There are 4 protein chains.
Amino acid sequence: MSAPPSAPRRRSERSRRAIYDAALSLVGEIGYPRTTIEGIAARAGVGKQTIYRWWSSKADVLLEAFLDLGDGPAPPALPDTGDLAADLKAVLRATVDTLRDPRFDTPARALAAEGVVDAELGRRVVAQLLQPSLQLYVDRLRAAQRAGDVRPGIDPRIALELFVSPLAQRWLQHTAPFSYEYTDTLVDYALYGLVPR
Amino acid sequence: MSAPPSAPRRRSERSRRAIYDAALSLVGEIGYPRTTIEGIAARAGVGKQTIYRWWSSKADVLLEAFLDLGDGPAPPALPDTGDLAADLKAVLRATVDTLRDPRFDTPARALAAEGVVDAELGRRVVAQLLQPSLQLYVDRLRAAQRAGDVRPGIDPRIALELFVSPLAQRWLQHTAPFSYEYTDTLVDYALYGLVPR
Amino acid sequence: MSAPPSAPRRRSERSRRAIYDAALSLVGEIGYPRTTIEGIAARAGVGKQTIYRWWSSKADVLLEAFLDLGDGPAPPALPDTGDLAADLKAVLRATVDTLRDPRFDTPARALAAEGVVDAELGRRVVAQLLQPSLQLYVDRLRAAQRAGDVRPGIDPRIALELFVSPLAQRWLQHTAPFSYEYTDTLVDYALYGLVPR
Amino acid sequence: MSAPPSAPRRRSERSRRAIYDAALSLVGEIGYPRTTIEGIAARAGVGKQTIYRWWSSKADVLLEAFLDLGDGPAPPALPDTGDLAADLKAVLRATVDTLRDPRFDTPARALAAEGVVDAELGRRVVAQLLQPSLQLYVDRLRAAQRAGDVRPGIDPRIALELFVSPLAQRWLQHTAPFSYEYTDTLVDYALYGLVPR
DNA sequence: AGGTAATCGAGACGGTACGTCTTGTCTTACC
DNA sequence: GGTAAGACAAGACGTACCGTCTCGATTACCT
């Protein structure tokens with residue numbers, strides 16, 4: 001619970017931040033594929049070896065840089081007004097806004113793509129980037145189950161995919177201009193099903 | 001109304017096939033990132049220029065090679081036994097099998113990843129690879145609507161995402177060993193909703 | 001002595017001229033190394049095969065094009081005013097002028113360079129381009145010998161090199177701005193020798 | 001005034017030598033035109049970039065490799081036995097031997113050819129390869145002038161061309177099998193002139 | 001007056017080399 | 001010992017030409 005034991009003893013904090021900044025700004029400016037480790041090192045004013053010493057790949061740098069962005073404010077719980085549909089719709093609308101922000105979109109998209117092909121990275125992206133957010137849905141759905149608003153047998157881990165995955169899919173595959181109306185519809189369909197009641 | 005005037009005049013069919021074969025086999029053997037245009041050309045016994053003449057990128061070659069695989073047998077319609085849930089479950093189970101086949105998985109995954117980052121390619125992947133299959137779901141759902149098995153107001157194009165997107169998501173992000181049980185569950189949740197009936 | 005037996009029977013005169021023009025103009029514009037057979041064919045409006053059918057190399061085309069330029073006016077004999085020194089100085093001054101003309105300089109220089117490395121081409125360049133001019137010096141020197149102006153034992157074939165080779169050397173190796181004064185000096189040195197008389 | 005500031009800081013001596021060796025041996029084996037930078041790099045066990053980093057062209061590499069060969073033994077002065085004709089004949093005979101040595105002939109010829117077409121390289125070839133040798137002739141001729149063996153008004157820089165340029169010319173243009181007899185004749189002609197004494 | 005065969009333009013083809021770019025390792029000198 | 005700097009071996013990139021080949025479409029000769 002104390003300090004990490006074998007952690008780098010004289011690692012330069014200054015370089016670490018400069019590398020994060022360079023990586024994120026380059027990805028934003030020229031895109032992920034044209035961002036190179038050499039480019040990051042040059043912009044960060046850092047030797048290449050300093051990058052290779054602490055990270056294993058370009059994607060690795062970007063993932064940590066991206067995670068570093070989100071540090072600080074603890075992820076807030078989903079709202080619970082008692083109205084499950086309304087709460088989910090509100091959160092998904094906020095998600096739509098986030099996905100539309102290029103500062104988020106470009107690096108997140110790059111990491112998602114890399115994770116599709118590189119299984120190891122994919123696992124880390126899911127675990128460190130997605131999991132925390134998804135857990136909030138699980139929590140909210142369990143609360144709804146306790147309140148009798150969701151059928152008891154339902155597995156929340158699967159249930160949340162009914163509205164989260166379609167949205168993610170549309171985002172990743174440029175299938176959409178996704179709208180509030182779309183996410184609202186997803187929530188309605190998922191909650192009340194497709195067959196006549 | 002005579003012969004096409006500006007169509008490529010004497011393109012070598014032999015080379016085209018050899019390039020498709022080389023691209024697919026290399027992606028299967030060493031993975032997409034380590035597959036190079038030079039490698040494809042070498043294995044196909046073809047000059048690099050012949051590839052650059054007809055395709056614009058490695059992904060482009062792979063997409064066409066992959067599409068070429070599926071040519072021939074027209075995509076069959078979804079079964080319609082009258083039992084919507086059973087029909088969907090059967091089709092999704094077949095999809096699970098396909099996604100598990102490495103001959104399909106590796107190139108499809110690579111194309112999906114590339115499409116995430118390259119919007120233009122993404123559009124083509126969706127339009128040429130995904131759309132035809134998705135249309136079959138739309139057709140089946142419309143038939144179900146006419147039979148009164150699906151609520152009239154439901155948009156089939158959105159409805160299908162409730163079970164297709166979660167499956168795709170789990171496949172792409174290595175989130176799951178996805179099972180028949182999982183896809184069955186997806187169908188049940190999607191059809192009957194999450195809230196108590 | 002009749003018509004050449006296996007000579008090309010239906011060769012296109014139009015193409016031949018166009019190829020000569022294209023070769024010479026390209027060499028003049030972009031230099032010999034950057035002149036390509038493809039470029040010549042394109043500018044001449046000719047298929048590449050038409051060039052390969054009749055010539056064996058880029059240098060071959062240029063040599064024939066260059067020879068073709070000089071066709072027509074028979075090479076005039078050297079003047080013989082009775083004053084050998086004056087006659088030689090006059091001819092060498094004219095040669096200086098020719099070598100300074102870029103229309104002559106660029107292709108001739110390219111052919112000379114190619115001939116240095118390619119022995120077979122070198123022989124042809126010497127035989128077809130140089131020999132005729134050199135023969136004129138031989139003739140003039142022989143006449144001078146008959147007139148008693150040159151020692152009887154002198155080999156004219158070697159003697160002419162005393163003033164021709166230095167000039168050629170300075171031209172080829174950019175050693176000079178060569179001047180009339182220089183060529184005059186060469187003639188004086190060569191005729192009267194270096195040692196005190 | 002301390003260490004050279006902008007000098008190449010850590011150039012690999014090992015690579016430099018390997019590149020020289022590879023260049024010279026390849027030119028000797030397959031000739032200059034078929035020698036490629038890729039081939040030199042491969043034989044030297046060196047990355048292409050290492051060549052491009054330090055040299056600007058194939059000819060540049062070869063020139064330096066060739067100069068490197070001659071480093072070490074300072075070029076000796078021409079002999080001065082008091083007999084100018086004999087001294088010149090002896091030196092030219094030695095030159096004939098050198099020009100006949102394929103280890104010298106092939107690269108020197110290639111450099112000469114390249115220098116004919118590339119003015120900048122030509123200047124360097126002349127200055128670094130030829131000039132030092134020619135200066136020896138100038139020195140010897142000046143000594144002869146002081147001894148009264150050469151007319152006072154003669155410019156040694158031009159005078160030496162009377163026998164050196166013809167020899168060079170015959171060498172470069174394959175005009176001759178040049179012999180000791182030929183060079184002896186050149187010296188005689190040049191020293192005593194062509195006109196009757 | 002056709003028939004036919006060589007020549008033509010066009011340009012795709014299998015190759016090779018180009019000169020550039022990036023990778024990941026390494027070495028040097030500074031701090 | 002970590003660092004900035006950057007040389008290094010390796011090798012893919014996309015381009016340019018090479019010399020060969022295959023297409024029709026003219027030709028010009030020869031029945």
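User: Which residue of chain C comes closest to the rotation axis?
Analyst: That is C:Gly193, whose C-alpha lies 1.8 Å from the axis. Keep in mind that this is a predicted model.

User: What rotation superposes chain C on chain D?
Analyst: A rotation of 180°, with 0.0 Å of shift along its axis, and the RMSD is 0.1 Å. The two copies are thus related as by a two-fold rotation axis.

User: And which surface do the copies meet through?
Analyst: They meet through the same surface, because 100% of the interface residues of chain C are also interface residues in chain D.

User: Switching to chain A: what domains does the assignment give?
Analyst: It gives domain 1 (13–70) and domain 2 (84–192). The C-alpha centres of these two domains of chain A lie 28 Å apart. Their contact takes 9 residues from domain 1 and 13 residues from domain 2.

User: How much area do domain 1 and domain 2 of chain A bury between them?
Analyst: About 1,000 Å², with 81% of it on carbon and sulfur atoms. On the domain 1 side, A:Leu63, A:Phe66 and A:Leu67 supply 52% of the area buried against domain 2, more than any other three residues.

User: What happens at the start of α5(D)?
Analyst: There, a side-chain oxygen of D:Asp83 reaches to within 3.3 Å of the backbone nitrogen of D:Ala85.

Technical notes:
Residues are numbered from 1 along each chain as its sequence is written. Chains are lettered from A and ligands numbered from 1 in the order in which they are written. This is a predicted model: local features need pLDDT of at least 70, side-chain atom pairs count only at pLDDT 80 or more; totals for chains, interfaces and linings use all residues. Side-chain values use heavy atoms; hydrogens and water are left out. A polar contact is a pair of N or O atoms within 3.5 Å; within protein, one must be able to donate a hydrogen and the other to accept it, and residues adjacent in sequence count only if both atoms are side-chain atoms. Helices (H or I, at least four residues) and strands (E, at least two) are DSSP runs, numbered from the N terminus. Copies are superposed by least squares on the C-alpha atoms of residues with pLDDT of at least 70 in both. Contact means heavy atoms within 4.5 Å. Domain bounds come from an automatic or database domain assignment. Buried area is the accessible area (1.4 Å probe) that two parts lose on being put together, summed over both.
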